[in-house]
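Subject: Handover of a protein structure

Dear colleague,

Please find the structure below, together with its sequence. My notes on what was found in it follow.

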Amino acid sequence: MFVHKRIGIKAPRSRIAQRPPWSRPRGRQARASPGSIEGVHVTAIIAAGGHGERFGGELPKQLVPLGGRPILQRSLDAFVLHDRITDVVVALPTDLAANAPPYLHGRPKPIEIVEGGTRRQDSVARAFARISPAAEIVVIHDAARPLVSSVLIERALDAAAVHGA
């Protein structure tokens, strides 16, 4: 997962980052407090614009079922269900963007669907161009990595609040 903090917008720094390294708490206490970016608009970009040609098969890799649910749906759920994510932009292949799967609609958070590009970087750039102007932190996740945990998302957001990326 990649985290980008919009230039010119600063999230509040946690107290941990302001202490000298030798006085910082260790272990569980070392995490930035969950409230360190409370109220900050966080957008997740899910890069799912590929066709999975190296993967093979009839379906693009992001649509292959894993444990009874498509890989894309598993990745999307991790971000849609996370408390600190405000909205999501999903980059899909052109043919899929025109007829998006039903699990991309009617979700509890806004989801914007964009056409992906030829390369992953093109898909991310197209999605980044469509994020809300209010977004202060943007996380970018590859849809083909469906086992991302809430804890990993939390750690990435805490790091963005403290370090800016």
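A residue is called buried when its relative accessible area is under 20%, exposed when it is over 50%, and partly exposed in between (1.4 Å probe, protein chains only). R130, for example, has a relative accessible area of 43% and is therefore partly exposed.

Please note that this is a predicted model, in which local features need pLDDT of at least 70 and side-chain atom pairs count only at pLDDT 80 or more, while totals for chains, interfaces and linings use all residues. Residues are numbered from 1 along each chain as its sequence is written, and side-chain values use heavy atoms, with hydrogens and water left out.

Overall layout

The protein contains five helices and seven strands. Helices (H or I, at least four residues) and strands (E, at least two) are DSSP runs, numbered from the N terminus. Their order from the N terminus is β-α-β-β-β-α-β-α-β-α-β-α. The protein has 165 residues, and 47% of them count as buried. It exposes about 9300 Å², of which carbon and sulfur atoms supply 53%; these areas come from the Shrake-Rupley method with a 1.4 Å probe, and for residues only the protein chains shown count as cover. A contact means heavy atoms within 4.5 Å. Of the contacts between residues at least 6 apart in sequence, 70% join residues at least 24 apart.

The paired strands

Two strands are said to pair if DSSP finds at least two bridges between them. Strand β5 (residues 87–92) has six of its six residues buried, so the rest of the structure largely encloses it. D87, V89 and A91 point one way from β5, while V88, V90 and L92 point the other way. Strand β2 (residues 42–47) is mostly covered too, with six of six residues buried.

β2 and β5 pair in the parallel sense over five bridges. Within this pairing, A44 stands opposite V88, and A91 is the bridge partner of A47. β5 also pairs in the parallel sense with strand β6 (residues 111–115), over five bridges, where V88 stands opposite I111. β2 in turn runs parallel to strand β7 (residues 137–142) and is joined to it by six bridges; there, V139 is the bridge partner of A44.

The buried interior

In soluble globular proteins, nonpolar side chains tend to be buried together. A nonpolar core is a set of buried Ala, Val, Leu, Ile, Met, Phe, Trp, Tyr and Cys residues joined through side-chain atoms within 4.5 Å. The largest such core here has 28 residues, and those with the most contacts inside it are L72, F79, I85, V88, V90 and L92. Two or more residues come from each of β2, α2, β5, α3 (94–98), β7 and α5 (150–163). The largest share, five residues, is that of α2. Apart from this core lies another, of eleven residues, among them A47, V89, I131 and A135.

Which residues is V88 in contact with, leaving aside its neighbours within four places in sequence? They are A44, I46, L76, V80, P110, I111 and E112.

Helix α2 (residues 71–80) has nine of its ten residues buried, so it is largely enclosed by the rest of the structure. In helix α4 (residues 120–128), the buried residues are S123, V124 and A127. They cover an arc of only 95 degrees around the axis, so they lie on the same side of α4; the arc is that of the directions from the helix axis to the C-beta atoms. These buried residues pack against β2, β5, β6 and β7.

Charged pairs

Side chains of opposite charge can pair when their charged atoms come close. A salt bridge is a side-chain nitrogen of Lys or Arg within 4 Å of a carboxyl oxygen of Asp or Glu, and the count comes to seven. R130 and E112 meet in one of them, at 2.4 Å from N to O. This pair links distant parts of the chain, since R130 is in the loop between α4 and β7 and E112 is in strand β6, 18 residues apart. E112 counts as partly exposed, at 27% relative accessibility.

R69 forms a salt bridge with D77, with the closest N and O atoms 3.1 Å apart. R69 is partly exposed at 31% relative accessibility, whereas D77 is buried at 11%. The side chains of R119 and D122 also meet in a salt bridge (3.0 Å, N to O). Finally, salt bridges that share partners join R69, D77 and R107 into one network.

Yours sincerely
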